[in-house]
Amino acid sequence: MAERLPFFGFNPSAEVRRALTLFGRCDTKQNRAVLELVAPCVASADAAPRPEQFAAAAAATGLPIADAEALFTGMLLLMRAAVRTRTSPEFFKADLALPELKVSAQLVADMAAVLAQTRAAAETNAMNGRIRHPSLANLNWRVDVTISSSSLARVLAPSVLMEMTTTDGRVCTFEVTQDKFHDLRYNVARVLKETQELEQMPILKIAK
């Protein structure tokens with residue numbers, strides 16, 4: 001069986017590596033003090049602790065401000081990586097509990113609890129804040145039949161007039177032939193069928 005990749009990757013960033021070295025040197029009180037500053041930032045990307053909050057946490061726990069900032073950055077990156085990769089709670093705890101990381105069981109449990117409390121808000125904010133192209137909001141169509149033209153007295157050729165509205169409010173009107181309309185119907189049905197088949201593949205199913 002292939003080895004599973006930890007949610008933070010095999011080569012974590014320098015900030016995460018720095019925090020991992022501090023996890024073992026700091027006691028539970030110090031880790032929890034910093035974790036309280038991390039929680040609001042996981043739930044909202046706009047939240048950020050003020051300098052005096054770092055100073056207060058450092059003064060209350062005897063932790064140097066530089067170490068408190070390093071712990072904060074590493075914890076936040078780990079939490080956001082878990083949200084981004086949709087890591088299950090079980091895998092989150094298992095990855096942090098790897099022997100080579102030397103993270104205490106208490107800290108793993110504390111971080112898992114914070115992740116569980118903030119995950120829903122973090123995922124909602126990530127979905128709302130993502131950059132994407134406009135998508136289809138509405139599609140109307142009707143069939144027109146051309147009875148005659150300037151060159152032919154009798155044509156009786158059907159065409160399909162389509163009006164497409166996108167999520168950014170733009171409206172696009174265009175005309176397609178009957179054959180192209182049938183091609184559109186066929187290709188849309190095929191894509192929907194292939195999407196449903198992909199969703200049933202085990203590799204795309206994410207444990208929640």
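Author: In helix α3, F54, A55 and A58 meet α4 at I65, A68, E69 and F72. Helices here are DSSP runs of H or I with at least four residues, strands are E runs of at least two, and both are numbered from the N terminus. This is a predicted model, where local features need pLDDT of at least 70 and side-chain atom pairs count only at pLDDT 80 or more, while totals for chains, interfaces and linings use all residues. Residues are numbered from 1 along each chain as its sequence is written, and side-chain values use heavy atoms, with hydrogens and water left out.

Reader: By class, how many nonpolar, polar and charged residues are in the contact of α3 with α4?
Author: Ala, Val, Leu, Ile, Met, Phe, Trp, Tyr, Cys and Pro count as nonpolar, Asp, Glu, Lys and Arg as charged, and the others, Gly among them, as polar. Sorted that way, the contact of α3 with α4 has six nonpolar, no polar and one charged residues.

Reader: At what angle do α3 and α4 pack?
Author: Axes are lines fitted to C-alpha atoms, for helices over the stretch in contact, and angles run from 0 to 180 degrees between N-to-C directions. For α3 (residues 51-61) and α4 (residues 65-84), the axes lie 9 Å apart, and the angle is about 115 degrees.

Reader: Is α3 roughly parallel or roughly perpendicular to α4?
Author: Under 35 degrees counts as roughly parallel, over 145 as roughly antiparallel, 65 to 115 as roughly perpendicular and the rest as oblique. With the angle at about 115 degrees, α3 is therefore to α4 roughly perpendicular.

Reader: Is R86 exposed or partly exposed?
Author: R86 sits in the loop between α4 and α5 (89-96), and has a positive phi of about 55 degrees although it isn't a glycine. Buried means under 20% relative accessible area, exposed over 50%, with partly exposed in between (1.4 Å probe, protein chains only). R86 has 46% relative accessibility, so it counts as partly exposed.

Reader: And what does K102 count as?
Author: K102, in the loop between α5 and α6 (105-129), also isn't a glycine, yet its phi is positive, about 60 degrees. Because its relative accessibility is 67%, K102 counts as exposed.

Reader: Which residue in β3 is the bridge partner of V160?
Author: Two strands pair if DSSP finds at least two bridges between them. Strands β2 (residues 157-166) and β3 (residues 171-177) run antiparallel, joined by seven bridges. Within β3, the partner of V160 is V176.

Methods
Contact means heavy atoms within 4.5 Å.
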